Amino acid sequence: MVQEAIISLLQIVIFPGFLFLILAAFFYEWVDRKFVARLQNRYGPLHTGPRGLLQPFADFLKLLSKEDIIPYAADKLLFSAVPIFLLSLPLTALFCIPIINSTALISFEGDLILVIFITTIIVISVFIGAWSSTNRFSTVGGMRACLQMLGYEIPMTIAMAGPAIVAKTLSISKIVQWQTTGLWFILTQPLGFIIVTICFLAELQKIPFDIPKAETEVVAGWLTEFSGKKLALLRLAEDLELVLAGSIMASLYLGGPAGFSFMPPFVWFIIKLTVCILILSNLRALFARFRIDQLMRGVWKYLTPLALLQIILVELIPW
Amino acid sequence: MSSIIKIPFGPQHPALKEPENFMFKVDGEYVVDVTPRIGYAHRGIEKALEDRTYIQDLYLIERICGICSHAHTTCYTQAVEEALKVDVPPRAKYIRTIVTELERIHNHYFWLGIVAHEIGFETLFMYTWRDREIVMDLLELLSGNRVQYAMNMIGGVRRDITPEISSKIMKGVKVLGERMKYYKKICSDDKTILARSVNVGILKTKDAISLCAVGPTLRASNVKRDVRADDPYAAYDEIPFHVVTYDGCDVASRIATRCDEVIESVEIIRYALEHLPTGSIEVIVSRVVPPAEIISRVEAPRGENLHYLRSNGTDKPSRYKVRSPTLANLTALCKMLIGGYIADIPIVIAGIDPCFCCMDRLTFVDINNDETWGWEGEKLRRYGIKWYKKQ
């Protein structure tokens with residue numbers, strides 16, 4: 001009994017809990033930066049650690065030691081709380097993703113809904129952060145983040161319902177388990193995978209959907225006023241979101257930790273997660289930024305009908 | 001209307017590489033009105049020119065602008081040479097032309113990178129700036145410097161082009177021309193670039209003429225006006241070339257115009273290198289310039305560059321005036337911005353290829369009665385002394 005409690009505690013704190021997830025966040029920030037840099041014919045991080053591997057961590061430490069400025073007119077409580085919200089939300093959601101075996105740390109019927117809900121709450125937190133910092137650029141950035149969410153959230157949720165309908169469950173762990181016996185959903189629902197990928201680019205505010213923090217238009221958007229420790233936490237939160245996005249894609253469409261038995265499931269998961277993150281990074285290097293109205297029009301005109309089409313196909317085709 | 005927010009754009013802003021302030025009145029995401037406020041980079045160059053000799057002025061003129069330094073010195077040396085009634089040797093004229101065109105290639109590559117950055121296309125930005133290194137290396141090979149080439153002298157040029165340098169330039173511009181054709185294809189094919197540039201920052205032909213736009217901005221509004229063709233200087237009267245125009249009147253046309261100009265420049269450089277006349281590259285000139293009033297025009301990469309010189313028979317000019325292309329394009333810029341989106345502001349401003357340090361003048365605006373007046377340096381100095389005595 002005590003042993004079990006200790007093991008589950010270790011799982012939550014170390015592996016595959018907080019420590020692992022945060023290290024993964026730093027690692028995948030490096031993967032993302034290095035990959036995009038190579039695509040753009042640059043070097044990317046180079047000096048800290050082997051091939052710049054420790055650069056994200058060094059950036060984090062540096063930001064922690066910087067001066068933390070709170071604007072005079074800001075709502076101090078909310079302004080300080082937002083980085084903590086934004087850090088804890090993707091961590092919570094990641095606990096629902098099966099990493100070492102086909103059952104997640106937290107798994108119940110309906111955790112898919114919880115994860116989708118959390119991705120929405122992240123944007124609401126962004127808006128609260130932008131609003132409480134009372135900066136003009138932040139306000140515009142926050143409003144853009146919310147508008148963007150109104151666009152991509154619907155097709156993303158509809159597309160994510162596809163695997164759930166086929167597996168007849170709303171639990172991510174059970175969807176993963178279904179895929180160990182059946183086909184991976186990327187083969188049966190490629191359209192859904194594409195839609196979710198595009199929506200995650202918007203969720204992560206990456207090019208071509210980095211509208212809320214378009215540097216040349218609104219400085220740093222909703223991030224403008226955050227500095228020091230808060231900015232460090234926010235950047236870590238963004239990395240965690242990247243890991244979350246990759247994990248959801250890997251779990252729902254690539255079968256999560258399922259794979260051939262010559263490698264442990266955990267390794268399969270890492271490989272799939274890396275592939276998903278490389279897809280996101282590759283897309284980031286391919287496009288120019290859209291305008292907010294172009295994003296909304298595109299999402300409502302094309303993505304939402306396509307997501308609905310995917311659901312119809314799921315209903316028509318028995319697998 | 002209470003929903004109108006005033007958004008300051010600059011003087012410090014990531015989209016602006018130089019200090020300039022635009023006060024935008026926005027309604028939601030739409031721009032209702034814009035007021036530019038110039039003068040942040042005023043350096044008093046025109047006044048300083050009057051205190052220096054013509055030789056010293058050459059170096060100061062070079063530093064009006066970092067990118068089109070050669071265009072400014074060409075304009076200046078032309079004015080002084082005309083006042084001196086000196087004929088520059090044809091070889092020097094050809095070398096000037098070659099450097100001018102290399103500078104145009106440099107500027108347009110630089111500009112394309114900035115445009116890509118403004119619309120968030122980081123990959124294109126990195127690629128164009130990588131290729132820009134080629135032209136900067138060529139300029140270094142030719143003149144010894146990467147940015148401030150200092151090729152012009154009054155009466156000629158400073159360095160000659162040897163056959164080895166000539167073949168290296170030939171090789172370099174071939175690569176640059178091919179890369180630019182590739183970028184032009186990207187800019188006319190890529191959906192995201194088209195979405196951000198077509199029908200953005202419209203400047204109709206009529207407006208472009210009435211607001212005195214110059215350079216590629218004007219030519220993208222389908223007006224065939226180019227100092228190189230209309231009032232040939234250096235060796236342009238002997239070199240065949242096309243004036244590139246597009247009729248889209250938007251940012252996409254401005255991109256296409258500049259891409260084609262680079263390809264055209266490559267051809268000009270090739271022709272000039274192949275037909276490089278022999279002879280000396282300089283003539284010895286007098287240091288004292290006889291009294292004259294000269295207007296000199298040069299097609300800088302950004303547009304028509306206009307210099308005015310009044311000499312008084314000494315070795316210093318009595319008045320020198322510079323009208324750089326950005327100042328001419330500023331009124332047209334305001335016209336383009338009104339009615340657009342906030343998100344389009346950076347790309348539209350970048351679309352005219354602004355160079356604020358070239359154009360800043362000292363002008364006072366009284367906010368109470370909207371009076372505007374200009375002061376010369378001496379008057380300002382006296383006013384300053386008086387004002388501080390009162391404190």
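**Figure 1. The E6-E7-E8 sheet of chain B.** In this predicted model, three strands of chain B make an open sheet in the order E6-E7-E8, with antiparallel pairing. Strands here are DSSP runs of E with at least two residues, helices are runs of H or I with at least four residues, and both are numbered from the N terminus. Two strands count as paired if DSSP finds at least two bridges between them. Strand E6 (292-300) and strand E8 (317-323) of chain B sit at the edges with a single partner strand each, so one side of each has no neighbour in the sheet. From one strand to the next, the twist averages 15°. Strand E7 (residues 303-311) of chain B pairs with E8(B) in the antiparallel sense over 6 bridges, and B:Leu309 stands opposite B:Tyr320 in E8(B).

Figure 2. Helix H3 (residues 69-84) of chain B lies across E6 and E7 of chain B and runs at about 150° to E6(B). Helix H12 (residues 325-337) of chain B lies across E6, E7 and E8 of chain B, at about 125° to E7(B). For these angles, axes are lines fitted to C-alpha atoms, for helices over the stretch in contact, and angles run from 0 to 180 degrees between N-to-C directions. Contact between two residues means that their C-beta atoms, placed from the backbone, lie within 7 Å.

**Figure 3. The E1-E2-E3 sheet of chain B.** Another open sheet, of 3 strands, has the order E1-E2-E3 in chain B, and its pairing is antiparallel. Strand E1 (4-9) and E3 of chain B are the edge strands, each with a single partner strand, so one side of each is left without a neighbour in the sheet. Ignoring direction, neighbouring strands of this sheet are turned by 20° against each other on average. E1(B) and E2(B) pair in the antiparallel sense over 6 bridges, with B:Pro8 opposite B:Met23 in E2(B).

**Figure 4. The E2-E3 hairpin of chain B.** Strand E2 (residues 21-27) and strand E3 (residues 30-37) of chain B pair in the antiparallel sense over 7 bridges. The bridge partner of B:Lys25 in E3(B) is B:Asp33. The two strands, E2(B) and E3(B), form a hairpin with 2 residues between them, and B:Gly28 in the turn has a positive phi of about 65°.

**Figure 5. Two loop residues of chain B with positive phi.** Most residues other than glycine have a negative phi. B:Asn222 has a positive phi of about 65° although it is not a glycine. B:Asn222 is found in the loop between helix H9 (215-219) and helix H10 (227-230) of chain B. B:Ala234 also has a positive phi, near 45°, and lies in the loop between H10 and helix H11 (251-274) of chain B. Buried or partly exposed? B:Asn222 counts as partly exposed, with 16 C-beta neighbours inside 10 Å, while B:Ala234 has 24 and counts as buried. The cut-offs: a residue is buried if 20 or more other C-beta atoms lie within 10 Å of its own, exposed if 12 or fewer, and partly exposed in between, with C-beta atoms placed from the backbone.

**Figure 6. Nonpolar cores.** Of the 175 residues in the largest nonpolar core, A:Val196, A:Val243, A:Met249 and B:Val115 touch the most other members. Helix H11 (residues 228-253) of chain A gives the most to this core, with 16 residues. Leaving out residues up to four places away in sequence, A:Val243 touches A:Leu21, A:Ala24, A:Ala25, A:Tyr28 and A:Leu94. A nonpolar core is a set of buried Ala, Val, Leu, Ile, Met, Phe, Trp, Tyr and Cys residues joined through C-beta atoms within 7 Å.

**Figure 7. Where chain A meets chain B.** The contact takes 21 residues from chain A and 23 residues from chain B. Helix H10 (215-218) and helix H13 (292-316) of chain A each supply at least two residues of the side of chain A that touches chain B, and H10(A) gives the most, with 3 residues. By class, this side of chain A has 10 nonpolar, 4 polar and 7 charged residues. Here Ala, Val, Leu, Ile, Met, Phe, Trp, Tyr, Cys and Pro count as nonpolar, Asp, Glu, Lys and Arg as charged, and the others, Gly among them, as polar.

**Notes on all views.** Residues are numbered from 1 along each chain as its sequence is written, and chains are lettered from A and ligands numbered from 1 in the order in which they are written. In this predicted model, local features need pLDDT of at least 70 and side-chain atom pairs count only at pLDDT 80 or more, whereas totals for chains, interfaces and linings use all residues.
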